[in-house]
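Colleague: Could you take a close look at one part of this model with me?

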Amino acid sequence: MKNIVVLISGNGSNLQALIDACHEGRIRARISAVFSNKADAYGLERAAHDNIPAHYLDPKAFADRDAFDLALMHEIDNYHPDLVVLAGYMRILSPRFVQHYNGRMLNIHPSLLPKYPGLHTHQQALNNGDEEHGTSVHFVTDELDGGPVVLQAKVPIFEQDSEDEIIERVQVQEHAIYPLVVSWFVEGRLTTKDDAAWLDGVRLPPQGYAPD
């Protein structure tokens, strides 16, 4: 059975969606460990509740980002991951870290990439009067939120929406599409090459898989 390591920084709702999908057989793999850069991340409790090894690494204990990432790589590799999944991990990764897991690291970002990389995506969509927003699962590269997109999900923005309402609407979609994409990877259906995502041997368009 393939091993997944998940990195988190907060509540871990996407982690929970992945845990549930593993239990239900929608992901035929096991989450071998969870790591966080925040000691109070609730996702660590979610992992512990499911008897998944849960680890906190304190960034302040290291001289710089590269030193932290090198230590994190060492800890992750103890679990022999086939896939590293970023689930609300709020640190920018060093190029060495990204290269080490090249082609086997996924992230979920709360926008319809390439729109709104970085932070505060929901508020940006509101401020700009967008009529739709969404979320994107993509492979991780050195470019922040810039790796090949695998799958996106859209949600409407209504005139009286608050940021919290949009966040909740987007998270419903996140919890649906992230386990799906992870399952594609562990089943050997999903890969990346030539700066694109490939599913079942077919190169996906820039916006990712779009079912008919």
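Leaving aside its neighbours within four places in sequence, which residues is methionine 90 in contact with?

Modeller: Happy to, and please keep in mind that this is a predicted model. Beyond the neighbours within four places in sequence, methionine 90 is in contact with Ser9 and Leu119. Methionine 90 sits in the loop between β4 (83-86) and α4 (95-100). With a relative accessible area of 55%, methionine 90 counts as exposed, because the cut-off for that class is over 50%.

Arginine 91 belongs to the loop between β4 and α4 as well. Its relative accessibility is 22%, so arginine 91 is classed as partly exposed. Not counting residues up to four places away in sequence, arginine 91 touches Asn37, Pro59, Arg65 and Phe68.

The UniProt record, an unreviewed entry, gives the feature "binding site" at Arg65, Met90, Arg91, Ile92, Leu93 and Asn107. From this set, Met90, Arg91, Ile92, Leu93 and Asn107 are part of the lining of the largest pocket.

Histidine 138 is buried, with a relative accessible area of 2%. Strand β6 (residues 132-139) pairs with strand β5 (residues 105-109) in the antiparallel sense, over four bridges.

Terms used. Residues are numbered from 1 along each chain as its sequence is written. This is a predicted model: local features need pLDDT of at least 70, side-chain atom pairs count only at pLDDT 80 or more; totals for chains, interfaces and linings use all residues. Side-chain values use heavy atoms; hydrogens and water are left out. Two strands pair if DSSP finds at least two bridges between them. Helices (H or I, at least four residues) and strands (E, at least two) are DSSP runs, numbered from the N terminus. Buried means under 20% relative accessible area, exposed over 50%, partly exposed in between (1.4 Å probe, protein chains only). UniProt positions are given in the numbering used here, feature names are shortened, and annotations may be inferred rather than shown by experiment. On a 1 Å grid over the protein atoms alone, a cavity is a set of points where a 1.4 Å probe fits but cannot get out, and a pocket is an open set with protein on both sides within 12 Å along at least five of seven lines; lining residues have an atom within 4 Å of a point. Contact means heavy atoms within 4.5 Å.
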